[in-house]
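Colleague: Could you take me closely through the nonpolar interior of this model, and then through the aromatic and sulfur-bearing side chains? I would like a connected account that I can follow with the structure open beside me.

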Amino acid sequence: MLTVFEGMNAWLAIGLVLSVVFVLAYEFINGFHDTANAVATVIYTKAMPAHMAVVASGFFNFLGVMFGGLGVAYAIVHLLPIDLLLGMDSSQGLVMIFSLLFSAIAWNLGTWYFGIPASSSHTLIGSILGVGGAYAWLVHKPLNEGINVGKAIDIMLSLIVSPTVGFIIAALLLFAIKRIWSGPKLHKTPEERLKVDGKKHPPFWARLTLVASAMGVSFVHGSNDGQKGIGLLMLVLICMAPAHYALDMSSSAYHLDRTQDAANRIADLYHRNQEMVSGLVSFDREVKVSAELMEHCTAGDTLSNIATLDERLGKVRTYSEMSVADRREVRRLLLCIDDTAKKVSKLQLPAKELKDLAVWRKDLVSTAEYAPYWVIVSVALALGCGTMIGWRRIVYTVGEKIGSKGMTYSQGIAAQITAASAIGIASATGMPVSTTHVLSSAVAGTMVANRSGLQTQTIKTILMAWVLTLPLTMALSGGFFLLANALFT
């Protein structure tokens with residue numbers, strides 16, 4: 001790990017260390033900002049004491065990061081185009097990283113201080129889009145050379161749709177629970193149960209379900225938001241130390257052979273289905289190995305890119321044998337080839353071909369879309385520890401200020417099962433969603449379904465944060481990037 005500092009000047013080395021520290025600080029803040037949502041319902045339904053709930057939630061967040069995979073992480077990394085991430089100089093990369101981190105941390109701390117359940121996902125994504133757009137404007141390039149527009153649209157659709165789905169599903173689930181379990185115990189608030197039965201805790205099976213679903217929300221929060229932290233840290237490392245992190249330097253000859261084989265098999269698939277893929281893959285151009293280092297992804301050159309990759313990988317047995325420039329180029333080649341393969345996977349090819357293509361795509365990018373073990377563990381620890389600190393402000397808002405009445409046990413169950421399911425599906429499909437907005441909207445859905453009413457001012461505040469977080473963090477990070485460039489570069 002320390003070899004990353006070899007040949008690096010002192011200021012860049014200090015900047016890299018501080019960047020890593022600030023990423024972990026962002027993830028720590030994310031812990032007490034977003035994870036409070038996971039324990040709000042279980043605390044306010046008296047299913048668990050607050051101190052036990054946050055400790056257990058922190059542990060399950062840690063596990064979620066450790067076992068959550070990397071699909072969401074690289075959705076974050078790919079918000080910035082390949083050419084921008086690998087093409088800028090170190091000083092601009094340093095300014096970009098600090099600009100987006102300043103924006104993300106400042107907004108998260110501000111909304112936490114006022115107890116507003118704002119989305120850390122919106123915050124992070126807005127900050128990344130802001131610096132990408134500002135960079136494109138600064139160097140007089142089209143917006144799509146500073147922002148991966150297609151990926152940004154996919155992610156924003158996910159962030160917009162998921163709260164609406166959470167609201168509707170939670171309301172429907174509460175209706176179903178009331179229909180199936182009509183007994184009064186499940187549909188009381190802790191205060192109502194205390195008056196009638198002399199007990200404030202939920203019935204045994206309701207309590208078990210509340211605790212299990214709360215830990216489920218914590219686990220999937222770790223797997224989704226924790227991956228965002230991993231993605232942010234990998235973005236820092238790839239941008240500032242590409243010699244060591246553009247590719248997985250621990251890859252063996254076997255991994256390189258598997259990558260090379262996957263690329264060639266994808267090329268064979270294109271030739272077998274030439275008529276169907278001709279709109280995405282050019283068969284008219286001469287397939288040739290490029291002698292020059294690749295600088296940009298070029299549409300239509302997929303077969304030549306595969307030939308160039310085959311030639312580059314055929315010369316070495318490990319990535320350490322390559323020059324830094326060659327490693328950058330191989331990363332570009334891998335992701336450019338995969339980008340075309342992703343588009344091909346949406347065509348109406350035979351089912352077996354599509355299944356094989358999915359396998360080969362994983363093999364193709366396995367040495368480019370990775371995370372060192374120390375990155376995963378450090379993010380998991382930061383998120384888990386952050387969960388146990390500063391959670392009260394957001395818990396109070398979710399538990400007491402969304403609905404006009406107290407939360408019943410069945411409402412807590414419906415909201416948590418909905419949130420855990422929605423976030424878990426998003427993590428499995430590699431799409432970032434907002435834990436905050438999914439759970440808050442699920443709670444609001446149960447309040448409406450239960451005819452409990454909503455506290456209008458709180459809902460307005462949450463909606464305002466939902467609408468404004470993305471544009472304001474884009475403006476904040478972009479403005480700071482332009483200012484810092486004017487002062488320091």
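Modeller: This is a predicted model, and the largest nonpolar core in it has 62 residues. Those with the most contacts inside this core are Leu 16, Ile 125, Ile 128, Ile 230, Met 234, Leu 237 and Met 240, and its largest share, 10 residues, is contributed by helix α10, which covers residues 204-240. As a general background, nonpolar side chains in soluble globular proteins tend to be buried together.

Turning to the aromatic side chains, the structure holds four aromatic pairs. One of them joins Phe 102 and Phe 480 in a stacked arrangement, with 4.8 Å from centre to centre and 20° between the planes. Because Phe 102 belongs to helix α6 (residues 90-113) and Phe 480 to helix α21 (residues 456-488), this pair ties together parts that lie 378 residues apart in sequence. Phe 102 counts as partly exposed, at 42% relative accessibility, and Phe 480 is also partly exposed, with a relative accessible area of 31%.

The pair of Phe 204 and Trp 205 is edge-to-face, because the ring centres are 5.1 Å apart and the planes stand at 75°. Phe 204 is exposed, with a relative accessible area of 56%, and Trp 205 is exposed as well, at 64%.

As for the sulfur-bearing side chains, a search of the whole structure finds zero disulfides. Of the cysteines, Cys 239 counts as buried at 6% relative accessibility, since buried here means under 20%, whereas Cys 385 is partly exposed, with a relative accessible area of 40%.

Finally, Met 156 sits in helix α8, residues 149-180, and counts as partly exposed at 25% relative accessibility. Not counting residues up to four places away in sequence, Met 156 touches Leu 129 and Leu 470. Although Met 156 and Leu 470 are 314 residues apart along the chain, their C-alpha atoms are separated by 9.4 Å.

Terms used: Residues numbered from 1 in each chain as written. Predicted model: local features only at pLDDT ≥ 70, side-chain atom pairs only at ≥ 80, totals over all residues. Heavy atoms only, no water. Core = buried A, V, L, I, M, F, W, Y, C linked by side-chain atoms within 4.5 Å. Buried < 20%, exposed > 50% of the residue type's maximum accessible area, 1.4 Å probe, protein only. Helix = DSSP H or I, 4+ residues; strand = E, 2+ residues; numbered from the N terminus. Phe/Tyr/Trp six-rings, centres within 6.5 Å; stacked < 30°, edge-to-face > 60°. Disulfide = S-S within 2.5 Å. Contact = heavy atoms within 4.5 Å.
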